[in-house]
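Please have the sequence and the structure open while reading.

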Amino acid sequence: EGASLGWYFAGFGLLGVGNTAIQVSMNPLLAAIVPAQRMTSLLTVGQIFRNTSLLLLAPVMTVLTAVTGWRLLLPSYAAVTAVCGVWLARTRVPEPARREAAAGMADCFRLLREPAVAVAAFGIGAFIAADVGIGFLSSRLLARPDSILTTTGFYACRIVGTLVGAWVLLRFSDIRYLRWNMCAAAALVALLLFVRGDAAVYVLIGLLGFTLSCVFATFYAVATRHAPGRSNEVAGLSIMMIAAGALSGPAIGLIARLAGGMRFGLLYVLACVLYLVWASFRLEPNNIINKENHA
């Protein structure tokens with residue numbers, strides 16, 4: 001009662017800072033304890049837990065709000081975060097043979113001089129922008145009260161995709177698997193521009209979630225392998241690219257207004273996915289930039 005709007009902005013700002021700090025630290029931690037050749041597969045396994053959390057977000061929030069009231073919702077999340085933080089702090093993690101130096105923002109951007117890292121980093125940005133765009137549009141493609149189920153189906157299929165990807169990426173090239181999925185994703189987004197049937201929209205959104213399930217893990221692993229011993233800088237650069245998701249809402253809204261329909265916002269998503277297609281072919285299966293283009 002009586003809290004000013006400024007306190008709300010400050011609170012959510014600090015929440016964003018803390019969330020970013022966690023994301024920046026987790027991937028280098030994983031890189032320090034797993035072999036490089038298994039990095040993509042294990043990052044994909046990590047995405048299973050993230051996507052499961054997103055899938056359960058709406059029902060969990062509904063139940064907690066009904067039982068405790070909305071004012072206790074964020075403290076409940078804070079308690080879970082604190083418990084997990086203490087658990088992680090008490091877990092013994094072997095130190096790498098060569099300790100990495102602290103990385104600054106300039107060090108992160110300096111990695112963009114490496115072509116493969118630049119392609120992978122902007123690929124992460126394009127993926128996040130497409131992911132946020134699909135989440136924004138999925139429940140708006142159907143004028144029905146239950147259209148929110150398209151988002152639920154999207155994340156449910158993401159979970160299936162991460163499970164399948166974790167198995168496939170142990171046996172096949174991550175770049176080749178990325179190519180197959182990105183070509184399929186581009187076709188699915190193009191189809192969404194034209195289909196109108198409810199069942200078709202549900203199916204296409206679900207399949208799109210499946211194809212996008214391993215993108216972040218693949219690009220992050222490629223960047224890490226191209227910058228050995230610099231996983232802190234790779235993590236920082238990757239997290240900065242997540243800011244691209246903030247562009248999705250305004251860009252899609254502008255396109256929808258100019259074109260006369262929310263469905264045309266899919267053109268923005270399609271542009272992001274087409275970059276992912278290009279990036280997947282720009283990177284060779286042995287994770288080096290195709291040098292034929294420079295000959």
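## The cavity

A cavity here is a set of grid points where a 1.4 Å probe fits but cannot get out, and its volume is the space filled by probe spheres set on those points. The model is a predicted one. One cavity of 30 Å³ or more is present in the structure. The volume of the largest cavity is about 40 Å³.

Which residues line the largest cavity? They are Tyr 177, Leu 178, Asn 181, Phe 210, Thr 211, Ser 213, Cys 214, Val 215 and Thr 218. By type, five of the lining residues are nonpolar and four are polar, with no charged residue. Helix 7 (174-192), helix 8 (198-211) and helix 9 (215-226) contribute at least two lining residues each. Helix 7 gives the largest share, with three residues.

## Asp 174 in helix 7

Helix 7 also contains Asp 174. Is this residue buried or exposed? Asp 174 counts as buried because its relative accessibility is 9%, and the cut-off for buried is under 20%. The side chain of Asp 174 makes a polar contact of 2.7 Å with the side chain of Arg 225.

## Helix 10 and Met 240

Helix 10 spans residues 231-241 and includes Met 240. Most of this helix is covered, with nine of its eleven residues buried. The buried set consists of Ser 231, Glu 233, Val 234, Ala 235, Gly 236, Leu 237, Ser 238, Ile 239 and Met 241.

Why is Met 240 classed as partly exposed? Its relative accessibility is 27%, and the partly exposed class lies between the 20% limit for buried and the 50% limit for exposed. Apart from neighbours within four places in sequence, Met 240 is in contact with Met 105, Cys 108 and Phe 109. Ile 124 is 116 residues from Met 240 in sequence, while their C-alpha atoms are 9.7 Å apart in space.

## Confidence

Across the protein the mean pLDDT is 79, and 79% of the residues score at least 70. Confidence is highest in helix 12 (residues 266-282), with a mean of 95, and lowest in helix 2 (residues 39-68), with a mean of 71. Residues 287-295 have a pLDDT below 50, yet this stretch has 19 contacts in the model beyond near neighbours in sequence. Where pLDDT is low, predicted coordinates should not be read in detail.

Conventions:
Residues are numbered from 1 along each chain as its sequence is written. This is a predicted model: local features need pLDDT of at least 70, side-chain atom pairs count only at pLDDT 80 or more; totals for chains, interfaces and linings use all residues. Side-chain values use heavy atoms; hydrogens and water are left out. On a 1 Å grid over the protein atoms alone, a cavity is a set of points where a 1.4 Å probe fits but cannot get out, and a pocket is an open set with protein on both sides within 12 Å along at least five of seven lines; lining residues have an atom within 4 Å of a point. Helices (H or I, at least four residues) and strands (E, at least two) are DSSP runs, numbered from the N terminus. Ala, Val, Leu, Ile, Met, Phe, Trp, Tyr, Cys and Pro count as nonpolar, Asp, Glu, Lys and Arg as charged, and the others, Gly among them, as polar. pLDDT is the predictor's confidence in each residue, from 0 to 100. Contact means heavy atoms within 4.5 Å. Buried means under 20% relative accessible area, exposed over 50%, partly exposed in between (1.4 Å probe, protein chains only). A polar contact is a pair of N or O atoms within 3.5 Å; within protein, one must be able to donate a hydrogen and the other to accept it, and residues adjacent in sequence count only if both atoms are side-chain atoms.
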